[in-house]
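User: I would like to learn how to read a few features of a model from its atoms. Please give the general idea each time, then the case at hand.

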Amino acid sequence: KAEKRIKELEAENAKLDHCIDSVTHCRDNVINDLKNKLMLAERHNSEKMTERENFIKELEAENIKLQKSNESIRMSTDNITKELTNKLTMMEKDYSNKMTESDLHIKELEAKTIKLNQEIELKNAS
């Protein structure tokens, strides 16, 4: 009876060993699969980080170009503003001179008109 029980227990033990081996093998497969997925994720993350870093570098380079362009436009605008301000100042002076000439001419004409009116009055009086 004990022999029979020992054989049953040995058979049960063999089944359990087989189950343990199967579960261990399954566990090892899951661990290896997870390791592979982790490596792929790390590689993918690294590639994405590299892409992101390259994109940031491109944006920084574009930003520098835009800053230089903006500075160039600002300098050009400043030069145009100075040029237009100078032209406006010259036009104002020219206008002022012409107005002075015109005022003098008007005064001369007024004086001549007064003189002519006096001459006409003298002629009419005589």
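User: How far apart in helix α1 are glutamate 71 and arginine 74?

Analyst: Helices are DSSP runs of H or I with at least four residues, strands are runs of E with at least two, and both are numbered from the N terminus. In this predicted model, glutamate 71 and arginine 74 are three residues apart in helix α1, so about one helical turn separates them. A salt bridge here is a side-chain nitrogen of Lys or Arg within 4 Å of a carboxyl oxygen of Asp or Glu.

User: What conventions apply to the model?

Analyst: Residues are numbered from 1 along each chain as its sequence is written, and side-chain values use heavy atoms, without hydrogens or water. The model is predicted, so local features need pLDDT of at least 70 and side-chain atom pairs count only at pLDDT 80 or more, while totals for chains, interfaces and linings use all residues.

User: Which residues are linked with Glu71 in a network of salt bridges, and how many salt bridges does the count come to?

Analyst: Side chains of opposite charge can pair when their charged atoms come close. Glu71, Arg74 and Asp78 are linked in a network, and the count comes to eight salt bridges. Among them, lysine 87 and glutamate 83 meet at 3.6 Å, N to O; these two are four residues apart in helix α1, again about one helical turn. Glutamate 51 and lysine 48 also pair, at 3.6 Å, N to O.

User: Is glutamate 71 buried or partly exposed?

Analyst: Buried means under 20% relative accessible area, exposed over 50%, and partly exposed in between (1.4 Å probe, protein chains only). Glutamate 71 is partly exposed at 35%, and arginine 74 is partly exposed at 40%. Buried residues make up 0% of the 126 residues in the chain.

User: How many helices and strands are there in the chain, and how spread out is the chain?

Analyst: The chain has one helix and zero strands. Its radius of gyration is 53 Å, well over the 14 Å of the globule rule for 126 residues, so the chain is more spread out than a compact globule. That radius is taken over C-alpha atoms, and the rule is 2.2 Å times the number of residues to the power 0.38. The C-alpha trace spans about 180 × 25 × 10 Å along its principal axes.
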